[in-house]
Amino acid sequence: TIHLGLYLLTSLPIFPNNWFFENLSGVNLYIMEGEYWRLITPTFMHSGFSHTLFNSFSLVLFGPALERMLGSGRFLFIYLLSGIIANVATLLLEPLTYTHVGSSGAIFGLFGYYLAIIMFRKHMLSKQNSQIILTLCVVSLIMTFLQPNINITAHLFGLLGGFLLGAIPYFNKKELSDSITGTANWASNRKKSISYQSPWKVLIWAAIIIIAIIGLLAQK
């Protein structure tokens, strides 16, 4: 909603659209010169209507369930902090002339948090939902490296940041070992259950995943 609202706002002829992008997009050089708000604002800026629409679709599709589990405050904290982590990584690893906009880093952070839930708190997600999240993450990561004009750094570090935010409270040797073992067992059992799923459900979820990936890969 925030993404779509900002796009519609900046699309109106009475608003200085160029000003928004000149002052709110992520430009590494300007951040190094002290414009630190650009570590946050690119998360809410998009390069066009389709970019806004598909990223908003991804957020609406996968965000509400996580928000119900975490609460609105924690969900917003995870989302914003993942986006900031992605933008900081972009600042540190990309050239000073690098410019970017989009919420893909923050959305990948939500996926990372989902992965932490799958590893450390399996009871919070059904096996089918866990399978969908894992499939989306794998395909999105693969496509990240195949598509042009993608902020690969933001995708990877957003995912890593979200995962660490979800995993750090459970990071001790015993629980980590138990979680890895349990996840491996779950993955092996998942293969046996795939054949029993309705083909229509598989097709529907495949279509949803494809649409979500298109949105995530729209980031410039």
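Which residues do ring pairs link into a cluster? In this predicted model, for which local features need pLDDT of at least 70, side-chain atom pairs count only at pLDDT 80 or more and totals for chains, interfaces and linings use all residues, the cluster consists of F62, F108 and F111. Residues are numbered from 1 along each chain as its sequence is written, and side-chain values use heavy atoms, with hydrogens and water left out.

The protein chain contains ten helices and two strands, assigned as DSSP runs (helices H or I, at least four residues; strands E, at least two) and numbered from the N terminus. The order of these elements from the N terminus is α-α-β-α-α-α-β-α-α-α-α-α. Of the 220 residues, 42% are buried, buried being under 20% relative accessible area, exposed over 50% and partly exposed in between (1.4 Å probe, protein chains only). Contacts are defined by heavy atoms within 4.5 Å. Among contacts between residues at least 6 apart in sequence, 81% join residues at least 24 apart.

Three aromatic pairs are present in the structure. Rings of Phe, Tyr and Trp (its six-membered ring) are paired if their centres lie within 6.5 Å, with planes under 30 degrees apart counted as stacked, over 60 as edge-to-face and the rest as tilted. F62 and F111 form an edge-to-face pair, at 5.4 Å centre to centre and 85° between the planes. This pair connects distant parts of the chain, as F62 lies in helix α4 (residues 49-70) and F111 in helix α6, 49 residues apart. F62 is buried, at a relative accessible area of 6%, and F111 is likewise buried, at 1%. The rings of F75 and Y79 are stacked, because their centres are 6.5 Å apart and their planes lie at 15°. F75 and Y79 are four residues apart in helix α5 (residues 72-93), so about one helical turn separates them. Both F75 and Y79 are buried.

Helix packing was examined next. Two packed helices are described by the angle between their axes and the distance between the axes. Axes are lines fitted to C-alpha atoms, for helices over the stretch in contact, and angles run from 0 to 180 degrees between N-to-C directions. Angles under 35 degrees count as roughly parallel, over 145 as roughly antiparallel, 65 to 115 as roughly perpendicular and the rest as oblique.

The axes of α6 (residues 104-120) and α8 (residues 152-167) come within 6 Å and cross at roughly 40°, which means that α6 is oblique to α8. The contact involves residues of α6 including F108, F111, L115 and M119, and residues of α8 including H155, L159, F163 and L165. Twelve of the contact residues are nonpolar, eight are polar and none is charged; Ala, Val, Leu, Ile, Met, Phe, Trp, Tyr, Cys and Pro count as nonpolar, Asp, Glu, Lys and Arg as charged, and the others, Gly among them, as polar.

The axes of α5 and α8 come within 8 Å and cross at roughly 135°; α5 and α8 are therefore oblique to each other. Among the residues in this contact are I78, L81, I85 and L93 of α5 and F157, G161 and L165 of α8. The contact of α5 with α8 comprises nine nonpolar, six polar and no charged residues.

N28 belongs to helix α3 (residues 28-32) and is buried, with a relative accessible area of 0%. Apart from neighbours within four places in sequence, N28 contacts T90, L91, E94, P95, L96 and Y98.
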